[in-house]
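My entries follow in the order in which I made them.

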Amino acid sequence: MSKKLRLAAIGAVAAVGLTACGGGGAGSGGGNDTANANPEDLTIGVAMPTQTSERWIADGNNVKSQLEDAGYQVDLQYANDDIPTQSQQIDQMITEGADLLIIAAIDGTALSGQLQAAADANIPVISYDRLIRDSENVDFYVTFDNFAVGQAQATALLTGLGVLDADGNRTDAAGPFNIELFAGSLDDNNAFFFFNGAMDVLQPLIDDGTLVVPSGQTDIEQAATLRWQQETAQSRMETLLTGSYNNGTVLNGVLSPYDGISRGIITALQNAGYGPALASTPRPLPVVTGQDAEIASVKLIQDGVQSSTIFKDTRNLAEQAVTAAKAFLEGDEPEANDTETYDNGVKVVPSYLLPVQTVYAADIQSVLIDSGYYTQEEVDAGQTN
C-alpha cells in the first residue's frame, strides 16, 4: 500500500461524519419495501465462516443477539471453513426470503453468484470483517482498521525485542535480532492489510540490519497460512527451525497475525527446546505476537509465553453491523468513515472502521477483564465458561 493511500485512509477514519457513497450494490435499486415493515417481519441472514475459531463464535453470537434485541428475525449459519457449504447456505437464505445479508466470507472471491442473486432480489449485502472481492454487489463493509492492526503487531514485536520502549520510542538496542514472518490466508483480503501494515514498520529495520530474517522468507506468499490454521503454522515453524536454525542460530521473535497461528508457532518452538531458561531448555521463547485476544492465548500472555495480542472488540463490530443493517432496512444509507481504502477489485466499498488495542500482560485487567469481555477466572483457566 502506498503512503498516499495510507494517509488517505487515516484521514478518512478521522472523518467519522462522512456518509457512505452510493454506487450500484445489491441493495441500491430499491424494490423491497422494508422501510415500512415492522422489524419482527424482517429476516436477516448471517453467514459466518467457522466455529473452529472462538473469535467467529463470538461474532456470530453478538450479531445474532443484537439483531434479535432490535426485533429482527435472524438466520445464523456457520460453514465450517467449507466454501461450497457457505455458498449453499447463502443461496438458501436468499431463496427463503432474507431481507438483508451479513456475510463473513471464507473466500472473499467465491461468492459472486450468490451476490448477483442477492442483487436481483434487491437484498442489501454487508461484508463483515472480511471484504468480499470481485463483485459490485457489496453495499457496505464493517471491519477494524486492518492496516493499523499490522502496524500494531509489528510495534508489539519491536517492543518485545526491546527495539522500542513502552512509549514507542527507539532504544539503543542495535541487534541484529533474528525474526520470522507469518501471514494469514491469501484468500482473505485482511491478510494483505495485516502483512502490509506490519512490513510498513518492519521493513526499514530489516533494511538497516537491526532485524534479520534467516529463512529469507519475507514475501506474503511465502509467509501465508492457508485458512489461518494452527496446525499449518506449526508445520511451517518446524520446517523453518530445521532449515534455518539447526546450526545454533537463535530465533528472537516471530510476527504472527492471529492467536491460533501463534499457538501453533509456540508449540513448534517448545517442541524444539525453546522455553524457560533452564538447563534442559537454554533458549528462551522468542517474542510472539498475535490477534483476536482468544482466551487460550490471553492465558499464555498472562503466563509469559505469548508476548502480545491485538484486541478487536467484536461486540462493537457486531453493533456497527446492526447499525448498518437498520439503516438499509429503514431505506437509508449507513454512515461510513472510510470511502477510499477498500477497493474490492470492482468498486470501492463504503466502510466503517473500528479501532484496535494492543494487549500485553499488564493490559489484561484493564482492557479485557474490566470491560467485561472475560473474567479473571476465565483467563486463569484459559477457557470461557
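I take helices (H or I, at least four residues) and strands (E, at least two) as DSSP runs, numbered from the N terminus. I number residues from 1 along each chain as its sequence is written. I am working on a predicted model, where local features need pLDDT of at least 70, side-chain atom pairs count only at pLDDT 80 or more, and totals for chains, interfaces and linings use all residues; side-chain values use heavy atoms, with hydrogens and water left out.

Entry: backbone.

I looked up aspartate 81 in the loop between strand S2 (73–78) and helix H3 (83–95). Its phi is near 60 degrees, a positive value in a residue other than glycine. I then found asparagine 122 with phi near 55 degrees, also positive and also not glycine. Asparagine 122 sits in the loop between helix H4 (112–120) and strand S4 (125–128). Between glycine 175 and proline 176 I noted a cis peptide bond, with omega about 5 degrees. The loop that holds proline 176 runs between helix H5 (146–161) and strand S6 (177–181).

Entry: helix contacts.

I use axes that are lines fitted to C-alpha atoms, for helices over the stretch in contact, with angles from 0 to 180 degrees between N-to-C directions. For helix H8 (residues 230–244) and helix H9 (residues 259–271), I read axes that come within 7 Å and cross at roughly 40 degrees. H8 and H9 are therefore oblique to each other (under 35 degrees is roughly parallel, over 145 roughly antiparallel, 65 to 115 roughly perpendicular, the rest oblique). On the H8 side, the contact (heavy atoms within 4.5 Å) is made by Gln230, Ala233, Gln234, Met237, Glu238 and Leu241. The H9 residues in it include Ile261, Arg263, Ile265 and Leu269. By class, I noted seven nonpolar, six polar and two charged residues in the contact of H8 with H9. In these classes Ala, Val, Leu, Ile, Met, Phe, Trp, Tyr, Cys and Pro count as nonpolar, Asp, Glu, Lys and Arg as charged, and the others, Gly among them, as polar.

The axes of H9 and helix H10 (residues 295–302) come within 9 Å and cross at roughly 55 degrees. H9 and H10 are therefore oblique to each other. I listed Asp259, Arg263 and Ile266 of H9 against Ala296, Ser297 and Leu300 of H10. These divide into three nonpolar, one polar and two charged residues.

On a 1 Å grid over the protein atoms alone, I call a cavity a set of points where a 1.4 Å probe fits but cannot get out, and a pocket an open set with protein on both sides within 12 Å along at least five of seven lines; lining residues have an atom within 4 Å of a point. I join grid points across faces, edges and corners, and take a volume as the space filled by probe spheres set on the points.

I put the largest pocket at about 390 Å³. Its lining has 28 residues, with Ser53, Trp56, Arg227, Trp228 and Tyr258 nearest the centre. Helix H2 (54–69), H6, H8 and H9 each supply at least two lining residues, and H2 gives the most, three. By class, this lining has six nonpolar, nine polar and 13 charged residues.

I counted one cavity of 30 Å³ or more. Helix H6 (residues 189–207) gives the largest share of the largest cavity's lining, four residues. That lining has eight nonpolar, two polar and no charged residues.
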